[in-house]
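Q: Can you walk me through this one? I'd like to start with how contacts are counted.

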Amino acid sequence: MPELSPAQMEFLIDLFGRDRVNAGPSARDLHCRDYSFHHCQPPAVVVWARSTEEVSRLLAWAQDQAMPVTAWGVGSSVEGNPIPVRGGVALDMTQMDKLLDLHQTDMQAVVEPGLTYTDLNAKLRHHGLFFPPDPGAAASLGGMIANNASGTRTVKYGATRDYVLGLTVVLAGGEVIHTGNRAHKSSSGYDLTRLFVGSEGTLGVITQATLRLAGLPEHFAAVTAAFDSVERAVEAVVAVKASGTGPAALELVTAPLARIMRAEGLDIPELPQLFMEFDGFSQNSLAEALEVVEGICRDLGCRSFSAGLGAEEHSRLWSARHAAAETIKRAHPGLEMLVTDAATPISAYPALVAFAYDFMAREGVTGYVLGHAGDGNLHVVWPGDPGDAAGWAKVEAANEAIVAEAIRLEGTATGEHGVGIGKRKFMALEHGRSLAVMQAIKRTLDPRGILNPGKLLPDA
Ligand SMILES: Cc1cc2nc3c(=O)[nH]c(=O)nc-3n(C[C@H](O)[C@H](O)[C@H](O)COP(=O)(O)OP(=O)(O)OC[C@H]3O[C@@H](n4cnc5c(N)ncnc54)[C@H](O)[C@@H]3O)c2cc1C
């Protein structure tokens with residue numbers, strides 16, 4: 001990776017100060033890979049921004065120098081999204097981490113992008129509000145917006161995209177724009193806010209966001225229901241979704257994952273099962289929903305049904321679900337993980353799950369099947385060694401087959417993780433002629449290709 005010239009380093013030190021510019025090996029290594037198997041590719045230098053003005057001056061200079069700039073949240077992506085594959089500057093946003101304003105009556109917050117959603121929610125709790133998308137890792141709001149992240153609560157509350165009302169974005173070349181507004185609705189012009197949500201730092205750097213919030217529900221109930229087969233568990237997903245009970249989480253956990261969760265102390269059966277959560281404004285409304293859901297699961301022959309778990313058990317269950325990727329990693333020391341993230345309409349979800357199982361049985365390849373089932377989002381976590389060419393090729397082929405099937409079923413290659421490096425190869429299949437429009441947008445907003453190059457779009 002070419003180092004920066006003394007004059008380039010001098011510019012950055014002038015702009016950020018010596019303590020916020022680091023070209024040393026440890027800073028570069030800390031910004032060279034995310035949570036995925038994609039290998040380490042360090043930037044030439046790391047800088048830490050504290051204001052929109054600094055980001056603007058950086059991007060004006062970077063465009064002039066044709067210098068790659070890759071924004072960095074907390075690096076928890078799972079598709080190589082923040083890896084600076086062409087070197088240049090890693091723009092760490094973690095020091096822009098303020099809650100700038102809270103509009104309590106409007107249920108809105110104005111935030112800087114380096115604030116994590118967990119820290120935001122800790123601040124909002126006292127106000128009876130919360131920001132629902134919860135990707136598990138303590139992700140930054142900028143990274144969540146850029147990846148359009150979602151999580152266990154998306155089945156009821158939606159994805160990050162549904163909570164972004166407006167953005168301050170610095171474009172390549174340094175121009176600062178403000179998108180959106182704080183009105184509850186607007187029909188004014190092209191929806192630039194949504195253009196930047198999910199753009200993975202390839203169109204601009206987000207330096208401020210106005211977010212919609214939700215009221216914190218007073219009552220919660222966690223439910224687990226175990227079944228003899230994955231087919232039955234998935235049938236239950238579709239039926240619960242259609243029941244009108246409005247689950248706040250509806251997650252599929254299959255037996256191999258249940259086995260390693262048990263080994264780490266979670267008291268669940270080693271069977272395919274659903275983890276569910278319901279929330280509401282009264283115990284009565286919750287009790288009614290739980291009765292309906294229990295009826296559905298029992299009609300489908302569930303082996304066990306536990307509702308109304310205590311607070312401690314409730315938090316243990318959801319912590320274990322959020323830590324599933326870590327649990328799988330610990331069970332396979334030394335291996336990397338490729339993660340399938342396909343999603344379909346809910347009606348097609350059973351077909352996608354069945355396809356994944358048939359493929360694994362036919363090709364003799366195994367992965368951990370789980371997912372945000374209520375969203376039609378299927379994850380298969382494939383442990384493997386990228387250095388073992390034959391073994392890794394099998395894992396890649398399985399992932400490719402499942403993604404192709406999801407797209408055939410009118411779904412997507414990525415329900416929540418974003419395209420990053422690993423899913424660029426599916427963009428033409430999924431988007432057809434629309435891909436050329438995306439490429440034209442990229443050329444218009446970033447003519448010299450300095451913003452997170454090598455991501456999201458396939459090479460021209
Ligand atoms: C254990 C685990 C579980 C996970 N579970 C989920 C899950 O359930 N759902 C889910 O959606 N994701 C999940 N993820 C993935 C990840 O947490 C999310 O994608 C998250 O949104 C990434 O945020 P980050 O702060 O780590 O961003 P980073 O990984 O640092 O960056 C993500 C992308 O955003 C860009 N970016 C960062 N900041 C900005 C900015 N200010 N302006 C413009 N671009 C920017 C980066 O260049 C990069 O392309 C999981 C990850 C882990 C490790």
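A: Contact here means heavy atoms within 4.5 Å. Keep in mind that this is a predicted model.

Q: OK, which residues in helix 9 meet helix 12?
A: On the helix 9 side they are Leu257, Ile260 and Met261. In helix 12 they meet Ala324, Thr327, Ile328 and Ala331.

Q: How many of those are nonpolar, polar or charged?
A: The contact of helix 9 with helix 12 has six nonpolar residues, one polar and no charged.

Q: And at what angle do the axes of the two helices cross?
A: The axes of helix 9 (residues 255–263) and helix 12 (residues 324–331) cross at roughly 80° and come within 10 Å. Angles of 65 to 115 degrees count as roughly perpendicular, so helix 9 is roughly perpendicular to helix 12.

Q: Switching to the ligand. How many residues surround it?
A: The ligand is surrounded by 33 residues. The closest are Ala71, Gly73, Ser76, Ser77 and Pro135.

Q: What does Gly73 do there, in terms of atoms?
A: A polar backbone atom of Gly73 is 2.7 Å from an oxygen atom of the ligand. For Ser76, a backbone N or O atom lies 2.7 Å from a ligand oxygen. Asn81 has a polar backbone atom 3.1 Å from an oxygen atom of the ligand.

Q: How much of the ligand does the protein bury?
A: The protein buries 95% of the 980 Å² that the ligand exposes when taken alone.

How values were computed. Residues are numbered from 1 along each chain as its sequence is written. This is a predicted model: local features need pLDDT of at least 70, side-chain atom pairs count only at pLDDT 80 or more; totals for chains, interfaces and linings use all residues. Side-chain values use heavy atoms; hydrogens and water are left out. Axes are lines fitted to C-alpha atoms, for helices over the stretch in contact, and angles run from 0 to 180 degrees between N-to-C directions. Helices (H or I, at least four residues) and strands (E, at least two) are DSSP runs, numbered from the N terminus. Angles under 35 degrees count as roughly parallel, over 145 as roughly antiparallel, 65 to 115 as roughly perpendicular and the rest as oblique. Ala, Val, Leu, Ile, Met, Phe, Trp, Tyr, Cys and Pro count as nonpolar, Asp, Glu, Lys and Arg as charged, and the others, Gly among them, as polar. A residue is near a molecule or strand if one of its heavy atoms lies within 4 Å of it. A polar contact is a pair of N or O atoms within 3.5 Å; within protein, one must be able to donate a hydrogen and the other to accept it, and residues adjacent in sequence count only if both atoms are side-chain atoms. Accessible areas come from the Shrake-Rupley method with a 1.4 Å probe; for residues, only the protein chains shown count as cover.
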